[in-house]
Amino acid sequence: MLYKNRPIKLDATLKWATIIFLIGIVLVSIAPLLFTRQYYWEGFDFRETGPIGDTIGGITAPFVNLIGAILVYFALHAQVKANRLVQEQIDNQKEEEVIRRKLQYAGEKFNLVRNDVNEFTYHFRKTITKGAQSSTERVTYTGVSAIRVLLDQLKDYKNHEDIYSEAPPLKELYNLLSIIDALIDNINQENFLQHDKDFYKSLIFYLFNSKIKPAFKANEDYRSSIKPACSGCGKKHLGIPDDIFELVETIDKKVN
């Protein structure tokens, strides 16, 4: 269970009920003896008040009725408290089930992200020269290699067109990083136990630092803000876009 159910604490009520019950037994037991003895004060002498059974019954009845009423009150009070605590346990179980499902969802989402990183693919045509002849062939990279080669190919990008339109794999990588960033926020904001949060964040830490961050670190000098402005339009659109570097830096701060 994610959270321990609160124990049903009825000890205080039962304790007081037991005390009153014992006091009642004592009073009922000694009342006939006390009130049928001869006393020096005639007004307190009950021996001449009629049949002894009626006297004892009349003496003890108020005590018995009062004790019975008090015990009924304690019984009802204990029942109400027990019902309330049982309802709280049911509510806690529902909350635990919701959190369990959210943990499962976070795990499935992380597995999806990890698979997307490992299966990330980049294709490009590579020129191969053999003697006086040259040819091109399609080369495919996956996973960490695909990220590294993609950034390496785009570090000298000079076209005026939007780089994300010209290089769809870069847009795919940006979306993948956005999912990782959102997953971290989701884990931090949910009402998970701290060790569950630490567990998932450690998985993301490893994935990010071992498979994504190194490629961006190696191409830090090729981000658009560092590259010179375009000689044709004067804008900073050469190299790798700053926004994807900024997203990487945001994730880096959250996991490190």
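## Nonpolar surface patch

Trp 16, Ile 19 and Ile 23 form a nonpolar surface patch of about 300 Å². Patches consist of residues with over 30% relative accessible area and no salt bridge, where like charges are joined within 9 Å and nonpolar side chains (Val, Leu, Ile, Met, Phe, Trp, Tyr) within 5 Å. Ile 19 belongs to helix α1 (residues 11–35) and is partly exposed, at a relative accessible area of 31%.

The model is predicted: local features need pLDDT of at least 70, side-chain atom pairs count only at pLDDT 80 or more, and totals for chains, interfaces and linings use all residues. Residues are numbered from 1 along each chain as its sequence is written, and side-chain values use heavy atoms, with hydrogens and water left out.

Glu 97 pairs with Arg 100 at 2.6 Å, N to O; both lie in helix α2 (residues 52–118), three residues apart. Glu 97 also forms a salt bridge with Arg 101, with the closest N and O atoms 3.1 Å apart.

Arg 101 is exposed at 54% relative accessibility, whereas Glu 97 is partly exposed at 30% (buried means under 20% relative accessible area, exposed over 50%, partly exposed in between, with a 1.4 Å probe and protein chains only).

## A bridge between helices

Lys 254 and Asp 185 meet in a salt bridge of 2.8 Å, N to O. Lys 254 lies in helix α8 (residues 242–255) and Asp 185 in helix α5 (residues 168–189), so the pair ties together parts 69 residues apart in sequence. Helices are DSSP runs (H or I, at least four residues), numbered from the N terminus.

Technical notes. Accessible areas come from the Shrake-Rupley method with a 1.4 Å probe; for residues, only the protein chains shown count as cover. A salt bridge is a side-chain nitrogen of Lys or Arg within 4 Å of a carboxyl oxygen of Asp or Glu. Helices (H or I, at least four residues) and strands (E, at least two) are DSSP runs, numbered from the N terminus.
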